[in-house]
Amino acid sequence: MFELTRDIYDYRELIWALAMKELRVRYKRSVLGFVWALLNPLLMMIVLTLVFGTIMRFSIDHYAIFLLSMLLPWTFFTQALTYSVESVVGNADLLKKVHIAKVVFPVAAVVSNIVNFLLSLIPLALLVLVLRFPLHWTWIYLPVPMLGLFLFTLGSSLFLAAINVFFRDISHIIQIILSAWFYFSPIIYSLDFIPAKHRWLFKLNPMLYVLNGFRLSIYYGLLPQFTSVAMSLACGVAAVLIGYGVFRRYQESFVFYV
Amino acid sequence: MSRQPAAASSSVISFVDVVQRFRVIQERPDTLREAFARFHRRRVSYHDFDAVKHVSFEVEHGSTLGLIGRNGSGKSTILKIIAGVYRPSAGQVTVRGTVAPLIELGAGFHHELTGRENILINGLLLGLTRREILEREQSIIDFAEIGEFIDSPVKQYSSGMYMRLAFSVATEVDPDILLIDEILAVGDAGFREKCDQRIRSFRERGKTMIMVSHDMEMVGKLCDRVLLINKGELLEDGPPEYVIARYKNLVEHPSSVPVAQQG
């Protein structure tokens, strides 16, 4: 953990430049540019609200806000993983030529998506106002669930980036795993919809704890209980410990396999 | 490998009995299925290949060292060990001071980004801080003769402009030790002259350089000392004229290489 923090600090300028590069490349040559970071979640929300709010008729008040409060952090999670899984392999040219801490690549992938995620909160806040939904004071509590989410994403990213060097299947499997994980997490529905006898199974999902704080503070206007916060941070720290452990264990061999 | 700040000691690079072993796996398990299959059969087919075999040498502060040898002899591997890209399998490597590789120029360039954006990223990759890069930005652009194209994406550059920009960034980093891998054939005659000048000024300011080249005329002109590498072994270590003559002899009569050189 200490080494990771030191590397991130030492390479902060490079990480930031690489993250900005990723965003710039992502939006280059598109007419709307950075506006897409704002527009994307909004368009996705329209589709999902139509499907689940109008056609499937979930009886949830202000379903759009209910959904978006978890969908945005989830989208961040999946995009960060999609980018970072390829981050080491994709920078093979550089790894073979200069000596730099290899964590900069997955970290930069996560950072660029953090920027994207923070931008996407702007249309959400606007939507809340437009729909005359209360803008709860608990929004100011959001940095806490964000910390859990960012740590969890960073750990998963380091893990995937490392093993993808040795098994390229990971980048193919990951999309399928993520979409299964999406339906398994209470994002489009609420955990209350699950029969009580099956609920224990859903509680094994770390994403439940990581995402929980977002819905509580944005939709319900509540502060999560202490245990819930502790669980979310614990999941984040555990993910970083495992992910970075694996990454560090194998990083010296990356150059021979990329 | 130990990396230390530049010191007063005269030797800035030291290799003691360095071995770089590559595990060449036949049909390396690149996918999970293959890994499982291999695990199941409990058979791994690989052989070890030593790209660098028990090489020892020292480089004096402020000297220019040439590495020559035929293709695949291990010259570039030695350069990459100095750069810290490979961790040697055995032996002791000490490098004192900052190292900047001029290895295959423009590796860090992104085609969609402009020249200016690429200068920043490449400079950071080579170990400069953002502020240092901004201070040097104008002289990098001037030296590379890019002009108004600096704010266009580098994919629109001619290959000459691309190489000039890369050379300009790498040399503007001003490291203690500069690694040069066969790149001086950059640009037209005028630009080559500027490159030569820059290399010479590097030397005059007491910087250390290690260059890999097949251009014997240049090696003879620029180097104080030359190492001849053959099949991963250090065959000869001495003044340029002598080692270059040995190399020419080696190329013309490959069979005359003494086989039992080590030991």
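Predicted model: local features only at pLDDT ≥ 70, side-chain atom pairs only at ≥ 80, totals over all residues.

User: OK, what is chain A built from, helices or strands?

Analyst: Helices: there are 13 of them in chain A, and 0 strands.

User: And what radius of gyration does chain A have?

Analyst: Chain A comes out at 19 Å. A compact globule of 258 residues would be near 18 Å, so the value agrees with that. Its C-alpha atoms fill a box of roughly 55 × 45 × 30 Å along the principal axes, and 41% of its residues count as buried.

User: How much of the contacts in chain A comes from residues 24 or more positions apart?

Analyst: Counting contacts with a separation of 6 or more, 77% are between residues 24 or more positions apart.

User: Now α5 of chain B. How many of its residues are buried?

Analyst: 11 of the 14 are buried, so α5(B) is largely enclosed by the rest of the structure. Among them are B:Met161, B:Tyr162, B:Arg164 and B:Glu172.

User: What do those buried residues pack against?

Analyst: They pack against β6 (99-101), α3, α4 (130-144) and α6 (189-204) of chain B.

User: How far apart are the ends of that helix?

Analyst: The end C-alpha atoms of α5(B), residues 159-172, are 20 Å apart. At 1.5 Å a residue the helix should span 20 Å, so the two agree. After the helix comes B:Asp174, with a positive phi near 55°.

User: Last topic, β9 of chain B. Which strands does it pair with, and in which sense?

Analyst: β4 (residues 64-68) pairs with β9(B) in the parallel sense over 4 bridges, with B:Ile68 bridged to B:Leu228. On the antiparallel side, β10 (residues 233-238) pairs with β9(B) over 5 bridges, and there B:Val226 has B:Gly238 as its bridge partner.

User: How many residues sit between the strands in the β9(B) and β10(B) hairpin?

Analyst: There are 2, and B:Lys231 in that hairpin takes a positive phi near 50°. β9(B) itself is mostly covered, with 5 of its 6 residues buried.

Note on methods. Residues numbered from 1 in each chain as written. Chains lettered and ligands numbered in written order. Expected span 1.5 Å × (residues − 1). Buried ≥ 20, exposed ≤ 12 C-beta atoms within 10 Å, placed from the backbone. Contact = placed C-beta atoms within 7 Å. Rg over C-alpha atoms; globule rule 2.2 N^0.38 Å. Pairing = 2+ DSSP bridges.
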